[in-house]
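Open the model in your viewer and keep the selection panel at hand. The stops below go from a whole chain down to single side chains.

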Amino acid sequence: MNILDWAVSLEGYLCVGAILFFLGLAAVLYRRNAIGILLGIELILNAASINFIAFSKYRAVAIDGQLVTLFIILIAAAEAAVALAIILRLYRLRETVDAGEASIMRN
Amino acid sequence: MTTGLKIVLLLAELLCVSSAILVTFHPNILHAAVALLFAFLGVAVMFVYAGADFIAGVQVIVYVGGVTVLVLFAVMLTHWLYKVTLRDVRKKLIVPIVLLVILLVPAVYKSLVELASSSQNIAPERVAEFAGSAKTALIGQALLGNYLLPFEAITILLLGALVGAVGLARPK
């Protein structure tokens with residue numbers, strides 16, 4: 001099985017999805033910037049979308065996975081809008097976007 | 001599928017992975033956000049190859065046209081050019097890398113070896129016919145049929161997110 005056939009197979013899609021998921025997880029852990037954490041979350045959601053699309057083509061051979069992906073994309077858009085509004089609010093209050101500094105509710 | 005088309009898909013997958021590496025590890029958050037744009041485009045190409053043409057269009061419109069622009073706006077609003085350095089504060093890399101190795105290796109192994117060996121008997125002609133057929137009408141019918149309840153729920157969610165975002169971001 002050469003690499004070109006591997007790229008169009010289910011395994012190729014799943015590998016790209018797994019790599020994107022763990023890179024997103026690493027971004028969530030590694031970044032201090034709240035916007036960087038948001039970028040990691042977007043990567044994780046995209047990885048889930050890839051898996052749904054791949055299984056919908058190669059296993060189910062139906063469009064249900066594509067509909068779930070549609071809902072994932074819409075939820076991600078709503079989540080990004082609210083998260084960025086919170087980040088801008090935090091910046092206005094504390095002059096920082098460092099996730100470690102957002103400790104107003106800690107004490 | 002011809003060899004040229006397969007090469008394009010392989011390049012798109014490589015674009016996805018390399019852009020995602022930049023998103024995770026690039027010290028400059030603005031560059032990371034631009035790299036995320038290319039990762040989204042690569043994912044859209046992968047969707048086209050999996051027969052999800054409509055979803056690929058939605059991906060380009062919502063992610064590339066919407067979310068990335070929103071993120072870039074947020075980066076530029078929160079980092080004034082002469083006030084704060086754009087550089088992200090570096091944390092220790094050891095925890096994410098150890099986690100990556102511990103979790104990624106079994107996941108990739110499982111998707112490479114076990115799923116490939118346990119493949120069900122689905123005719124390749126059926127998969128190819130599914131990938132080549134038009135999906136937009138089917139998706140529209142499903143949204144107003146079996147998926148009506150999630151469709152309505154997501155409209156309420158989007159309305160709530162819209163109002164909530166405006167309420168949070170408004171001055172005073």
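Select chain B. Of its 172 residues, 36% count as buried in this predicted model. Read from the N terminus, the order is α-α-α-α-α-α-α.

**The interface**

Show chain A beside chain B. How many residues does each chain bring to the contact? Chain B gives 88 residues and chain A gives 71 residues. The area buried between the two chains is about 7300 Å². Carbon and sulfur atoms give 76% of that area.

Next, turn to the polar side of the interface. Between chain B and chain A, 13 residue pairs are in polar contact, with both residues at pLDDT 80 or more. Select the elements of chain B that put two or more residues on the side touching chain A: helix H1 (3–25), helix H2 (29–49), helix H3 (53–78), helix H4 (94–117), helix H5 (124–132), H6 and H7. Which of them gives the largest share? Highlight H1(B): 14 residues on this side come from that helix.

**The salt bridge**

Side chains of opposite charge can pair when their charged atoms come close. Over all chains, the count of salt bridges comes to one. Zoom to B:Lys6 and A:Asp5, whose side chains meet there, 2.6 Å from N to O. B:Lys6 belongs to helix H1 of chain B and A:Asp5 to helix H1 (residues 3–8) of chain A, so this pair joins two chains.

Now display the surface. Are the two partners buried or exposed? B:Lys6 has a relative accessible area of 16%, so B:Lys6 is buried, the cut-off being under 20%. A:Asp5 counts as partly exposed because its relative accessibility is 30%.

**A valine between the chains**

Select A:Val16, in helix H2 (residues 10–30) of chain A. Why does A:Val16 count as buried? Its relative accessibility is 4%, and buried means under 20%.

A:Val16 then touches A:Ile50 in its own chain, and B:Glu13, B:Cys16, B:Val17 and B:Met46 in chain B. Finish this stop with a distance label from A:Val16 to A:Ala47. These two are 31 residues apart in sequence, yet 7.7 Å apart in space, C-alpha to C-alpha.

**The rings**

Show the aromatic side chains. Five aromatic pairs occur over all chains. One of them is A:Phe71 with B:Tyr147, a tilted pair. The ring centres are 6.4 Å apart, and the planes make an angle of 35 degrees. This pair crosses between chains. A:Phe71 lies in helix H4 (residues 64–94) of chain A. B:Tyr147 lies in the loop of chain B between helix H6 (136–143) and helix H7 (148–169).

The last stop is in chain B. Select B:Phe130 and B:Lys135. What sits over the ring of B:Phe130? The charged end of B:Lys135 does, 4.6 Å from the ring centre.

Methods
Residues numbered from 1 in each chain as written. Chains lettered and ligands numbered in written order. Predicted model: local features only at pLDDT ≥ 70, side-chain atom pairs only at ≥ 80, totals over all residues. Heavy atoms only, no water. Phe/Tyr/Trp six-rings, centres within 6.5 Å; stacked < 30°, edge-to-face > 60°. Helix = DSSP H or I, 4+ residues; strand = E, 2+ residues; numbered from the N terminus. Lys NZ or Arg CZ within 6 Å of the ring centre and 35° of its normal. Contact = heavy atoms within 4.5 Å. Buried area = accessible area lost by both parts, 1.4 Å probe. Polar contact = N/O pair within 3.5 Å; in protein donor to acceptor, adjacent residues only side chain to side chain. Buried < 20%, exposed > 50% of the residue type's maximum accessible area, 1.4 Å probe, protein only. Salt bridge = Lys/Arg side-chain N within 4 Å of Asp/Glu carboxyl O. Lists of a residue's contacts leave out its neighbours within four places in sequence.
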